[in-house]
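Biologist: I would like to go through this model one feature at a time. Please give the general idea before each case.

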Amino acid sequence: MKKTTDMETGVLVSVDVVLLTLVDSELHAVLVRRAHAPFAGVWALPGGYVHAQEDADAQASAARVLRDKAGIDGVYLEQLATFSGPARDPRGWSVAIAYCALVPQPQLPADRADVAVVPVAALPQLPFDHRAIIEAALARVRSKSQYSSLPVHLCGDTFTLPYLQSVYEAVLGEPLNKVSFRRKMDEMGLLEAVPGAMQGGAHRPAQLYRVRPAFRQALALSARGL
């Protein structure tokens, strides 16, 4: 597939995706091993050129890159920022449209030699400006998590309130007051109890919750980039 390049100025146009997940209550980023130069064999963000004849828009490019290079599809995806300049890519002046994606750990692909899931606190040396892109994604996710339902994209279809609180805490990097957190969830009107569904021991089982149907539809559309 022909890459998108400004033939007069030589500008390279690509997308890069910061895919975040939770492993053992710690934020991790999904990296892929680069197959081609520059930086062949080096771990990097999933990324690639925009395919002008195939992709409807840049978000479609990002979704394709995740599918083709990381084996992941149907996850929450939002545009993050644009990174550009002559120094970020040794091939020349380039523009990268960066996206942030969130996925529950069980949806990650089976073990692949070309895909790694790495703690964001222990990233390897990365090519291009990928570390700066990851830092921008973390700042965005942590900021939005203070007032929105964004962390629910890191959960499965059903979950307990203690687990959801632990997800928020892992993203924000700080403990939350249980009463205040549950009040916030009630005010958002995001969740509903799953009738008759409990999790845990016989003595103090926890109620399972899910996203309400109206919100589920909105979350599904956001995951497809619609």
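Predicted model: local features only at pLDDT ≥ 70, side-chain atom pairs only at ≥ 80, totals over all residues.

Biologist: How many of the residues of strand β2 are buried?

Modeller: Buried means under 20% relative accessible area, exposed over 50% and partly exposed in between, with a 1.4 Å probe and protein chains only. Strands are DSSP runs of E of at least two residues, and helices are runs of H or I of at least four, both numbered from the N terminus. β2 covers residues 11–23, and twelve of its 13 residues are buried.

Biologist: Which strand pairs with β2 in the parallel sense?

Modeller: Two strands pair if DSSP finds at least two bridges between them. β7 (residues 94–102) is parallel to β2, with nine bridges. Within this pairing, L20 is opposite L102.

Biologist: Which strands run antiparallel to β2?

Modeller: One is β5 (residues 47–49), joined to β2 by three bridges; there V15 has G48 as its bridge partner.

Biologist: What lies between β2 and β3?

Modeller: Two residues separate them in a hairpin, and D24 in the turn has a positive phi of about 50 degrees.

Biologist: How many aromatic pairs does the structure hold?

Modeller: Rings of Phe, Tyr and Trp (its six-membered ring) pair if their centres lie within 6.5 Å; planes under 30 degrees apart are stacked, over 60 edge-to-face and the rest tilted. The structure holds two such pairs. F39 and F128 are edge-to-face, at 5.0 Å centre to centre with 80 degrees between the planes.

Biologist: Why does that pair tie together parts that are apart in sequence?

Modeller: Because F39 lies in the loop between β3 and β4 (43–44) and F128 in the loop between β8 (115–119) and α2 (130–145), the pair ties together parts 89 residues apart in sequence. F39 is partly exposed, at 36% relative accessible area.

Biologist: Where do Y168 and F181 lie?

Modeller: Y168 and F181 form an edge-to-face pair, 5.2 Å centre to centre and 70 degrees between the planes. Y168 is in helix α3 (residues 161–172) and F181 in helix α4 (residues 178–188), 13 residues apart. Y168 is buried at 1% relative accessibility, and F181 is buried at 4%.

Note on methods: Residues numbered from 1 in each chain as written. Heavy atoms only, no water.
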